[in-house]
Amino acid sequence: LLDRGGQQVLQMAMVIVVANILCPDDYALVAMLAIFTAVGNLVVESGFGAALIQRHDADDRHYSSVFWFNLAMSSALYLLLLGCSPWIAAYFGEPQLVALSAVVFLSLPLNATMLIQTTLLNKQIRFRHLAKVNLAAMLVSSLAAIVMALCGCGVWTLAWQPVILAGVKSGLLWTTNRWRPQCYFSMAIIRDLFGFASSLLLSGLLNVVFINVYSLVIPRLYPKRELGLFTQGNKICDPIGSIQNATYPIFSNIQNQHDRLINAYRKSIRFTSFLTFPLLIGGVMVAPALFRLLFKSEWWDAIPFFQLLCMGGCFTVLTAINNNFIKVSGRSSGILRIEIVKMALTAVSIALLARESVLAMVAGLMAVRGVVHLINIYYTQRYTGYGMWAQLCDTVPYLLLAMVMAAAVWSVGLVVDKPWLLLPLQIVAGAAVYTLLAYATGSKILKDAIRLLLKKETL
């Protein structure tokens, strides 16, 4: 939470400064390359990180083999994408993408160099170390982006920021970790690990396409400015992901203790719901004041995108934790089935709404996320025994509390209209009402959260 929260604060500060200098068209240009970068990173990782965490007998031979394989794959993919950049530019009708690709795709080999370092820290549950590295890297890259924007670098600011982030993070991991790869490579080990990772790779590819498909569709159907607004809304509402990142290695460590695993999972899903529902639903309510206070008027049209994406984020973060639980059970093929259904629903949604407004299309995407979450709950029940009714009982109460809180936040806007006063009042009112409601209803997770903060209890 500290890791993700700190990164969000730093990123938000960067976004506010940079967005008030650049324009939506600049963001749209880099967003057009997002799906290729995401797919490239996933192919490089190939599910090996999850496979190594899940496998208790992994040793230096496994780590070294995966390291050299990923490094070779990332270099080859960088050259391949660079060669394809003229075709990418032709598809979008943006010649500038050829030059931008040479910079943006540099993150592929840089990310490959830190895969094993990150995997080892996750497997060892050394989240404090990861948090320090992530926050330092985000701070450096954010400052660099602000300086570039102020110096008039324009769209190149957005191209270089993730590359600087990956470079600094990789450098810190290599200088603070003792692990080094051996001069060893075994294709047999790669094939063995890929047996578990293959389904994760395919499901991950489908998920990446699902998340980034609109960067392909929106510029073809609407003005590219709409993609810039969508991208900005997505950046700001990016849901809390550190909880689901942490749950997989923790669940893997107790995968053979079924009752303890179920109890840990239920507490994690309740804790996640307790935190994310008020944050995301609160984000929907404070969006107008937030944008009008912090961003120039050119960005105010991003408000409905931000609100829709916040609503969809409520499903996304829970789905991610469910996927971790299914992975721990060894049923990675189940995740692949879910992703296939997700892509089919997405294709139907796009086909039905292609002639409608861009907001209608984004709303369709959020509806698909809701349906997919229900399907995901079904598979969790089937593979782990954690029933659908039990999961709904663990999550819906916090959704109801968040909706009551939202009504209180909305009512503040009826009596205050100045953004500089409205936003802080809405935040304070929302936090106070939600906490009091949780206390009044005897929420055990509130007590657990307080003990957790005081380091008297672990999740």
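Is Ala 131 buried or exposed? In this predicted model, where local features need pLDDT of at least 70, side-chain atom pairs count only at pLDDT 80 or more, and totals for chains, interfaces and linings use all residues, Ala 131 is buried, with a relative accessible area of 14%. Residues are numbered from 1 along each chain as its sequence is written, and side-chain values use heavy atoms, with hydrogens and water left out. The term buried denotes under 20% relative accessible area, exposed over 50%, and partly exposed the range in between, for a 1.4 Å probe and protein chains only.

Ala 131 belongs to helix H9, which covers residues 127-150; helices are DSSP runs of H or I with at least four residues, numbered from the N terminus. Although Ala 131 and Asp 3 are separated by 128 residues in sequence, their C-alpha atoms are 4.6 Å apart in space. The 24 residues of H9 reach 34 Å from first C-alpha to last, close to the 34 Å expected at 1.5 Å a residue, the expected span being 1.5 Å times one less than the number of residues. Just after H9, Gly 152 adopts a positive phi of about 85°.

With residues up to four places away in sequence not counted, Val 18 touches Tyr 27, Ala 145, Ile 146, Ala 149, Thr 157 and Leu 158, a contact being heavy atoms within 4.5 Å.

Helix H3 (residues 34-45) packs against helix H5 (residues 60-92) at an angle of about 160°, with the axes 10 Å apart; axes are lines fitted to C-alpha atoms, for helices over the stretch in contact, and angles run from 0 to 180 degrees between N-to-C directions. The two helices, H3 and H5, are therefore roughly antiparallel to each other, a description applied to angles over 145 degrees, whereas those under 35 count as roughly parallel, 65 to 115 as roughly perpendicular and the rest as oblique. On the H3 side, the contact is made by Phe 36, Gly 40, Val 43, Val 44 and Glu 45.

Helix H12 (residues 224-237) is mostly covered, with 10 of its 14 residues buried, among them Glu 226, Phe 230 and Cys 237.
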